[in-house]
Amino acid sequence: MAEVPPGVKGMHDIVSPEAWKWQFLEQQARDVLEAFAYSEVRTPVLEYTPLFVRSVGEVTDVVEKQMYTFDDRDGKSVSLRPEGTASAVRAYIETAQWHRQPVTRWYYIGPMFRHETAQRGRLRQFYQVGAEVFGTNEPSLDAEMIAMIVTLLVRFGLDGNALQVTVNSLGEPEEREAYRTTLVDYFSAHRNRLDDDSRRRLETNPLRILDSKDPDVIAVAAGAPKLIDQLTDGSRARFERVRALLNALGVKHETDPGLVRGLDYYTGTIFEIKTKAGELGAQNTVAGGGRYDRLVASLGGPATPAIGFALGIERALLAIPETAESYEPALAVFFAPMDEAALDFALPIAHRLREKGIRIEIEHRPGKPGKLLPRANKLRARAAVIIGGNEMASGKLTVKDLVHGTQSEVAVADLEAKIRQLLD
Ligand code: HAM
């Protein structure tokens with residue numbers, strides 16, 4: 001036998017019954033996001049590379065180490081999107097949304113690509129549900145968005161009590177700049193305990209050192225001055241208002257002054273949601289996001305405050321206790337023709353019912369009911385319709401109620417009503 005060309009590492013097929021669970025989650029996401037007045041935006045998965053370099057940031061793991069970047073046939077550098085915010089901002093600017101509405105609320109569901117070390121909950125092609133709001137910098141929107149993500153996760157079936165919501169404020173870029181100097185002074189004094197990556201970041205992006213995974217660096221970072229202590233009164237008051245509104249909305253949360261997030265565009269409120277439930281292990285951050293009030297302007301649009309989040313679908317799925325099988329819709333009816341002539345007779349009947357939305361499987365290889373009905377049971381069909389010589393002669397089909405084991409003769413004209421009655 002020929003060798004199977006393998007799929008790409010860290011990129012998975014999603015097949016039934018798992019696909020039913022995905023559809024459920026996506027439908028819940030659309031319902032919740034639409035209730036919060038968002039509308040969908042669909043952007044390409046491929047963008048010119050500078051978009052990500054200028055938004056996510058040149059000195060981030062995502063851009064430095066994880067992007068799928070290549071030259072297209074015109075010799076232009078393109079990248080598979082590692083996240084959705086940059087593309088949403090580009091689309092916002094290119095379609096001049098501010099001329100259409102003062103506030104734009106967009107959501108997206110789709111694949112993202114990062115060349116990471118593949119493991120449980122960490123893939124190279126993964127899916128996000130994300131949302132972005134442009135045009136408002138009111139702290140009430142920050143609280144509304146965080147509360148909405150909790151609503152989403154609970155709607156998916158995650159245990160609300162196992163969710164950990166962490167918030168922090170990065171302040172204005174000017175405050176961050178002052179803090180950067182403080183941080184460089186601090187880490188320079190502990191240079192000998194930093195790993196190579198962190199030493200390099202001391203020059204390029206010292207805030208990222210706070211996010212290091214190196215145990216020694218973590219120990220040093222624990223003693224570093226905190227940005228939140230250096231915020232201006234205005235920034236601090238704003239952050240306090242976000243927290244007060246979260247309390248008013250019933251969202252339990254904690255402040256973590258060490259929370260920095262891995263992308264450079266953030267300003268002000270940032271947040272992450274972890275879950276202790278399910279099979280996630282170390283990759284237990286299901287959602288993250290925050291404000292990026294300067295990004296639209298820095299990519300050439302008008303000064304526009306914005307905030308957004310994204311949640312990882314695979315991670316959310318791992319945290320949902322229900323099995324994939326439980327999302328598969330039961331089959332309404334199984335058609336069991338006994339011979340070729342019965343199949344020809346049954347096909348148009350089944351076709352008309354399917355056109356009316358009834359979920360029907362028809363056996364294309366006719367046989368005795370004793371042989372066909374085990375399949376109907378396996379498919380969890382509510383009823384089986386048996387068609388043989390007698391049925392064709394009398395015009396009455398045998399309908400078997402597979403739940404109660406009873407059987408009745410039903411005229412073709414009455415079949416739809418009978419099925420609907422059984423399904424009720
Ligand atoms: P992020 O924190 O990089 O933020 O990703 C958001 C979520 O995507 C993570 O919490 C995680 O659930 C999921 N995720 C990330 N990488 C992987 C991976 N390799 N495998 C599986 N799941 C993954 C963003 O992407 C920002 N664009 C969020 C945002 C929107 N901020 C403002 N607007």
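The model is predicted, and local features are described only where pLDDT is at least 70, side-chain atom pairs count only at pLDDT 80 or more, and totals for chains, interfaces and linings use all residues. Residues are numbered from 1 along each chain as its sequence is written, while side-chain values use heavy atoms, with hydrogens and water left out.

We can start with the sheet. Strands of a sheet pair through backbone hydrogen bonds, in either a parallel or an antiparallel way. Here, three strands make an open sheet in the order S2-S4-S3, and their pairing is antiparallel. Strands S2 (46-48) and S3 are the edge strands, each of them pairing on one side only, and from one strand to the next the twist averages 35 degrees. Such angles run from 0 to 180 degrees between N-to-C directions, and the axes are lines fitted to C-alpha atoms, for helices over the stretch in contact. Strands (E, at least two residues) and helices (H or I, at least four residues) are DSSP runs numbered from the N terminus, and two strands are said to pair if DSSP finds at least two bridges between them. Between S2 and strand S4 (residues 77-80), which run antiparallel, there are three bridges; Tyr-48, for instance, has Val-78 in S4 as its bridge partner.

Strand S3 (residues 69-71) contains Phe-70, a residue that is partly exposed, with a relative accessible area of 40%. In this scheme buried means under 20% relative accessible area, exposed means over 50%, and partly exposed lies in between (1.4 Å probe, protein chains only). Together with Val-45 and Leu-46, Phe-70 forms a nonpolar patch on the surface, and the three have about 220 Å² of accessible area together. Patches are made of residues with over 30% relative accessible area and no salt bridge, with nonpolar side chains (Val, Leu, Ile, Met, Phe, Trp, Tyr) joined within 5 Å and like charges within 9 Å. A salt bridge is a side-chain nitrogen of Lys or Arg within 4 Å of a carboxyl oxygen of Asp or Glu, and accessible areas come from the Shrake-Rupley method with a 1.4 Å probe, where for residues only the protein chains shown count as cover.

The backbone also deserves attention. Ser-16 and Pro-17 are joined by a cis peptide bond, with omega about 5 degrees, and Pro-17 lies in the segment before helix H1 (18-35). Ala-37, in the loop between H1 and strand S1 (39-40), has a positive phi of about 70 degrees although it is not a glycine, and Ala-37 is exposed, at 55% relative accessible area.
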